[in-house]
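These notebook entries record what I looked up in one structure, topic by topic. I begin with the sheet and then turn to the helices and the charged side chains.

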Amino acid sequence: TMVTPQMLSQTSLFERLTEEQLKAVADHSEEITCQQGEMLFWEGDAAELLYILVEGELNVFVQLSSRPERVTVSVISQPYQTLGWSGLVAPHVYTASALCEVECHLVAIDGVELIEVLKADPAMGFTVMGRIAEMMSSRMRNTRFALLKTL
């Protein structure tokens, strides 16, 4: 099925955009399915895509360098939560791994193409990148809290 502007407007990342702006994002988006037990992306991988969860649950974790265990930094289970912000932010490398806990339906957005769309509409770019900064800040707080609990 096609990714619609209405679907994209449900996410906090794009909720302030106009119908026309949402359509520009939808043009660079596709729906994908990730099977239970499948990795959506690995920490350290090149980040080409930004994702929006439509349905399912993902475990986002980091690997401790000094120990064998993984630390869960967030569980993405609310519809229209965004993950993989590294797809929009240099150096475009995922800072955590994402595992599908159940079959997941997602919207995948091409990061390079989205950046071009945002450059062409600087007001839109400012709005979206402001949201990305809020998301990064929130994830960093969560990660710091999760890591401190392991010490």
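The entries below follow the order in which I consulted the model, which is a predicted one.

**Entry 1. The open sheet**

I first looked up how the strands are arranged. Which order do the strands of the open sheet take? The sheet is built from 4 strands, ordered β2-β7-β4-β5, and their pairing is antiparallel. At its edges I noted β2 (39-41) and β5 (70-76), each of which pairs on one side only. From one strand to the next, the twist averages 30°.

Strand β4, residues 58-63, pairs with β5 in the antiparallel sense, over 6 bridges. As a point of reference in this pair, I recorded that Val-62 stands opposite Val-71 in β5. I also looked for what lies across these two strands. Helix α4, which spans residues 122-150, lies across β4 and β5 and runs at about 145° to β5.

**Entry 2. Ser-97 in strand β7**

I next selected a single residue of the sheet. Ser-97 belongs to strand β7, which covers residues 97-100. Is Ser-97 buried or exposed? I found a relative accessible area of 2%, so Ser-97 is buried.

I listed its neighbours, leaving aside residues up to four places away in sequence. Ser-97 touches Met-39, Phe-41, Trp-42, Glu-43, Asn-59, Val-60 and Phe-61. With one of these, Glu-43, I noted a further detail: a polar atom of the Ser-97 side chain lies 2.8 Å from the backbone nitrogen of Glu-43.

**Entry 3. Strand β3 and its partners**

I turned to strand β3, residues 49-55. Of its 7 residues, 5 are buried, so β3 is largely enclosed by the rest of the structure.

Which strands are joined to β3 by bridges? Strand β8 is joined to β3 by 6 bridges, and the two run antiparallel. Within that pair, Leu-50 has Ile-109 of β8 as its bridge partner. Strand β6, residues 82-83, is joined to β3 by 2 bridges, again in the antiparallel sense. Here I recorded Tyr-51, which stands opposite Leu-83 in β6.

**Entry 4. The two sides of helix α3**

I then examined helix α3, residues 111-120. Which residues of α3 are buried? I found Gly-111, Leu-114, Val-117 and Leu-118. Viewed down the axis of α3, these buried residues fall within an arc of 115°, so they line one face of the helix. On the other side of α3, I noted Val-112, Lys-119 and Ala-120 as exposed.

I looked up what the buried residues meet. They pack against α2 (19-26), β3 (49-55), β8 (104-110) and α4. Strand β3, already recorded as largely enclosed, is thus listed among the elements that α3 packs against.

I also inspected the start of α3. There, a side-chain oxygen of Asp-110 comes to within 3.1 Å of the backbone nitrogen of Val-112.

**Entry 5. Salt bridges**

Finally, I looked up the charged pairs. Side chains of opposite charge can pair when their charged atoms come close. How many salt bridges does the model hold? The count comes to 4 salt bridges.

One of them joins the side chains of Asp-27 and Lys-23, with 3.3 Å from N to O. Lys-23 has a relative accessible area of 46% and is therefore partly exposed.

A salt bridge also joins the side chains of Glu-116 and Lys-119, with 3.7 Å from N to O. These two residues are separated by about one helical turn, because they are 3 residues apart in α3. Glu-116 is partly exposed at 46% relative accessibility, whereas Lys-119 is exposed, with a relative accessible area of 58%. I had already recorded Lys-119 among the exposed residues of α3.

Glu-134 and Arg-131 are 3 residues apart in α4, so about one helical turn separates them.

Which residues are linked with Arg-131 in a network of salt bridges? I found Glu-15 and Glu-134 linked with Arg-131 in this network.

Note on methods: Residues numbered from 1 in each chain as written. Predicted model: local features only at pLDDT ≥ 70, side-chain atom pairs only at ≥ 80, totals over all residues. Heavy atoms only, no water. Buried < 20%, exposed > 50% of the residue type's maximum accessible area, 1.4 Å probe, protein only. Polar contact = N/O pair within 3.5 Å; in protein donor to acceptor, adjacent residues only side chain to side chain. Contact = heavy atoms within 4.5 Å. Pairing = 2+ DSSP bridges. Axes fitted to C-alpha atoms, helices over the stretch in contact; angles between N-to-C directions. Arc of directions from axis to C-beta.
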